[in-house]
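Work through the exercises below with the coordinates open. Try each task before you read its solution.

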Amino acid sequence: MRLVIGGYAQGKFSYVMERYGIQEAVVLDGTMEMTTMSQKNVVINHFHKWVKGCLEKGRNPDLMLEEFLENNPNCIIISDEVGNGIVPMEPFEREYRERLGRCLIELAKKAESVERVICGIGQKIK
Amino acid sequence: MITIIIGGSGSGKSEYAENYIMSVSEGKQKYYLATMQVYDEEGQKKINRHRNLRQGKGFLTIEQPVDIDMAVRKMEYGEKVVLLECMSNLVANEMFGGEASKKKNEVVEKIIREIHTLQENVTELVIVTNNVFEDGISYDDTTMEYLAAMGRINELLAKRADKVIEVVVGIPLIMKG
């Protein structure tokens, strides 16, 4: 599994498609359900939205993620970084930032590589 | 030695900072300067999580929400290493703790001066600070003033620091030193 992170609108998705020369991939958008699938090239875009969706539905993202990774050990996960701001007034928004952060730390530990994208340029940090 | 550790919320900066200070603290007393004040259950949860992370690591905790140099008086004689967590709370407490909120310059000068005193009295000072600058939102004047103070303090501290480390998804990136 590879993890690609960065701020909003930094060209993360095109970076991944180019960098890994992916022509045919199953791209799951974070707004969709992350079903258990086993395909060769699975790219998950907007992972942060998936985490948010889980929390909104009262589900535990950690457990679902673990199962997904078992079935898709070679996937690429793309996520926004959302923790670099003022602590939000809204409790749910605070919870979301914190939980997404923890998910990304776990993913980063397991990942074969971690890249951070700024202005479309990827920097390998692991 | 001053080390600055910066990261966003949920970036893993605290855990990294604690492990970091463990690696430089042999034979020295470890102090944890807590700047966060608890107002509710959520704050308490956060503090408990941090306490669990520190458990068994031999830290003496000093609660110092304002006037950070006063912590020196509460320390024992001998070599000491200090983990200050975190700057964002200290700045908020200094700025908004009184009856009227203080101006940026006043807060910046006070904190920088007090950090200097603290540094002179310890072997190793590790300061955890927060990247609160990248959500692109224009807040009210008071919050913008707070952001400006935080930014200036981080800048001045980083200039004085021997090491500056950014933590991203739990991964340390060396920015200085």
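This is a predicted model: local features need pLDDT of at least 70, side-chain atom pairs count only at pLDDT 80 or more; totals for chains, interfaces and linings use all residues.

Residues are numbered from 1 along each chain as its sequence is written, chains are lettered from A and ligands numbered from 1 in the order in which they are written, and side-chain values use heavy atoms, with hydrogens and water left out.

**Exercise 1. The largest nonpolar core**

Find which residues of the largest nonpolar core touch the most other members.

Step 1. A nonpolar core is a set of buried Ala, Val, Leu, Ile, Met, Phe, Trp, Tyr and Cys residues joined through side-chain atoms within 4.5 Å. Buried means under 20% relative accessible area, exposed over 50%, and partly exposed in between (1.4 Å probe, protein chains only).

Step 2. The core has 34 residues, and L33(B), M75(B), M87(B), V91(B), I115(B), L118(B) and I127(B) touch the most others.

Step 3. Helices (H or I, at least four residues) and strands (E, at least two) are DSSP runs, numbered from the N terminus. Two or more core residues come from each of β1 (2-7), β2 (29-34), β4 (80-85), α3 (87-96), α4 (104-120), β5 (124-130) and α5 (141-160) of chain B.

Step 4. Zoom in on V91(B). Contact means heavy atoms within 4.5 Å. Residues up to four places away in sequence aside, V91(B) touches V107(B), I111(B), Y146(B), A149(B), M150(B) and I153(B).

**Exercise 2. Two helix pairs**

Determine how α4(B) lies against α5(B), then how α2(A) lies against α3(A).

Step 1. Axes are lines fitted to C-alpha atoms, for helices over the stretch in contact, and angles run from 0 to 180 degrees between N-to-C directions. Angles under 35 degrees count as roughly parallel, over 145 as roughly antiparallel, 65 to 115 as roughly perpendicular and the rest as oblique.

Step 2. Take the chain B pair. The axes of α4(B) and α5(B) come within 9 Å and cross at roughly 30°. The two helices are therefore roughly parallel.

Step 3. List the contact. α4(B) supplies K104(B), V108(B), I111(B), I112(B), I115(B), H116(B) and Q119(B), while α5(B) supplies E145(B), A148(B), A149(B), R152(B), I153(B), L156(B), L157(B) and R160(B).

Step 4. Sort by class. Ala, Val, Leu, Ile, Met, Phe, Trp, Tyr, Cys and Pro count as nonpolar, Asp, Glu, Lys and Arg as charged, and the others, Gly among them, as polar. The α4(B)–α5(B) contact has nine nonpolar, two polar and four charged residues.

Step 5. Take the chain A pair. α2 (residues 47-56) and α3 (residues 61-71) of chain A have axes that come within 9 Å and cross at roughly 130°. They are therefore oblique to each other.

Step 6. F47(A), W50(A), V51(A), C54(A) and L55(A) of α2(A) meet P61(A), M64(A) and L65(A) of α3(A). This contact has eight nonpolar, no polar and no charged residues.

**Exercise 3. The setting of α2(A)**

Explain why α2(A) is largely enclosed by the rest of the structure.

Step 1. Count. Seven of the 10 residues of α2(A) are buried, so the helix is largely enclosed.

Step 2. Name them. They are F47(A), H48(A), W50(A), V51(A), G53(A), C54(A) and L55(A).

Step 3. Identify the cover. It includes β3, α3, β4 and α4 (91-110) of chain A.

**Exercise 4. S113(A)**

Decide whether S113(A) is buried or exposed.

Step 1. S113(A) sits in strand β5 (residues 113-118) of chain A.

Step 2. Check accessibility. At 1% relative accessibility, S113(A) counts as buried.

Step 3. List contacts. Beyond neighbours within four places in sequence, S113(A) contacts M1(A), R2(A), L3(A), Y20(A), K124(A) and K126(A).

**Exercise 5. Backbone geometry**

Locate the cis peptide bond between E85(B) and C86(B), and the positive phi of C119(A) and D67(B).

Step 1. The bond from E85(B) to C86(B) is cis, with omega near -10°. C86(B) lies in the loop between β4 and α3 of chain B.

Step 2. C119(A), not a glycine, has a positive phi near 45°. Its loop joins β5 and β6 of chain A. At 63% relative accessibility, C119(A) is exposed.

Step 3. D67(B) also has a positive phi, near 45°. D67(B) is in the loop between β3 (59-63) and β4 of chain B. Its relative accessible area is 29%, partly exposed.
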